[in-house]
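Subject: Structure handover

Hello,

Here is the structure I said I would pass on. Please open it next to this email and look up each residue as you read.

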Amino acid sequence: MPDCIFCSIINGSVASDKVYEDEFVCAFRDIAPKAPVHILIVPKMHLRDVSAVNAENSQFVAKCFEAAAKIAESEKVTGGYRIISNNGALAGQTVFHLHFHLLAGKKMSDL
Ligand code: 5GP
Ligand code: ZN
């Protein structure tokens with residue numbers, strides 16, 4: 001998708017600190033971390049948000065969570081981590097390519 005920062009990171013035209021990549025998923029450190037570990041897990045298909053998920057593309061979402069489990073191991077945060085997805089501007093979404101924040105390394109506040 002032209003003008004999508006996460007598509008540009010996935011295709012390598014914008015640099016990122018990648019921590020995991022496979023056929024379906026790219027994961028990299030957030031540029032403005034809100035916790036000691038703050039990684040964005042991004043499907044390699046441009047989906048705007050959760051409302052774009054359907055039976056044809058949900059494998060990309062499942063792969064994001066498979067990646068999350070691997071990243072929690074490699075980042076040594078299996079003791080506790082939070083996964084957040086902001087959907088829609090009202091929820092705080094600023095990049096309109098579906099993604100999951102993996103946050104860890106500090107005590108998380110209540111929602
Ligand atoms: P959202 O607000 O949509 O839930 O999350 C978007 C996240 O992407 C934010 O936490 C923001 O810091 C991060 N972000 C925005 N632009 C870039 C970028 O160019 N590189 C990286 N690594 N993170 C970005
Ligand atoms: Zn995109």
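This is a predicted model: local features need pLDDT of at least 70, side-chain atom pairs count only at pLDDT 80 or more; totals for chains, interfaces and linings use all residues.

Ligand 1

The shell around ligand 1 holds 16 residues, and the closest of them are Arg29, Asp30, Asn86, Thr94 and His101. By type, the shell divides into eight nonpolar, six polar and two charged residues.

Asp30 places a polar side-chain atom 2.5 Å from an oxygen atom of the ligand. His99 also uses a polar side-chain atom, which lies 3.0 Å from an oxygen atom of ligand 1. With Thr94 the contact is made by the backbone: an N or O atom there is 2.7 Å from an oxygen atom of ligand 1. As for how far the ligand is covered, ligand 1 taken alone exposes 520 Å², and the protein buries 84% of that.

Which elements give two or more residues to this shell? They are helix H1, residues 5-10, and strand E2, residues 25-29. The largest share, three residues, comes from H1.

The zinc ion

Ligand 2 is a zinc ion, coordinated by Cys4 and Cys7 through their SG atoms and by His46 and His97 through their ND1 atoms. The distances run from 2.0 to 2.3 Å. Along the chain, these donors follow the spacing C-x2-C-x38-H-x50-H.

What is the geometry of the site? The angles among the four donor atoms are 103 to 115 degrees, and the site is tetrahedral. The cut-off for that label is that all angles lie between 85 and 135 degrees.

Cys4 has a relative accessibility of 6%, so Cys4 is buried. Cys7 is at 14%, and therefore Cys7 counts as buried too.

A loop residue

Ala35 sits in the loop between E2 and strand E3, the latter covering residues 37-43. Its relative accessible area is 9%, so Ala35 is buried, although it is in a loop. Ala35 and Ile84 are 49 residues apart along the chain, and their C-alpha atoms are separated by 13 Å.

Regards

Definitions and conventions. Residues are numbered from 1 along each chain as its sequence is written. Chains are lettered from A and ligands numbered from 1 in the order in which they are written. Side-chain values use heavy atoms; hydrogens and water are left out. A residue is near a molecule or strand if one of its heavy atoms lies within 4 Å of it. A polar contact is a pair of N or O atoms within 3.5 Å; within protein, one must be able to donate a hydrogen and the other to accept it, and residues adjacent in sequence count only if both atoms are side-chain atoms. Accessible areas come from the Shrake-Rupley method with a 1.4 Å probe; for residues, only the protein chains shown count as cover. Helices (H or I, at least four residues) and strands (E, at least two) are DSSP runs, numbered from the N terminus. Ala, Val, Leu, Ile, Met, Phe, Trp, Tyr, Cys and Pro count as nonpolar, Asp, Glu, Lys and Arg as charged, and the others, Gly among them, as polar. Donors are N, O and S atoms within 2.8 Å of the metal (3.2 Å for Na, K and Ca); water is not among the atoms, so sites may look incomplete. Four donors count as tetrahedral if all angles lie between 85 and 135 degrees; four count as square planar and six as octahedral if opposite donors are over 155 degrees apart and all others between 65 and 115; anything else is irregular. Buried means under 20% relative accessible area, exposed over 50%, partly exposed in between (1.4 Å probe, protein chains only).
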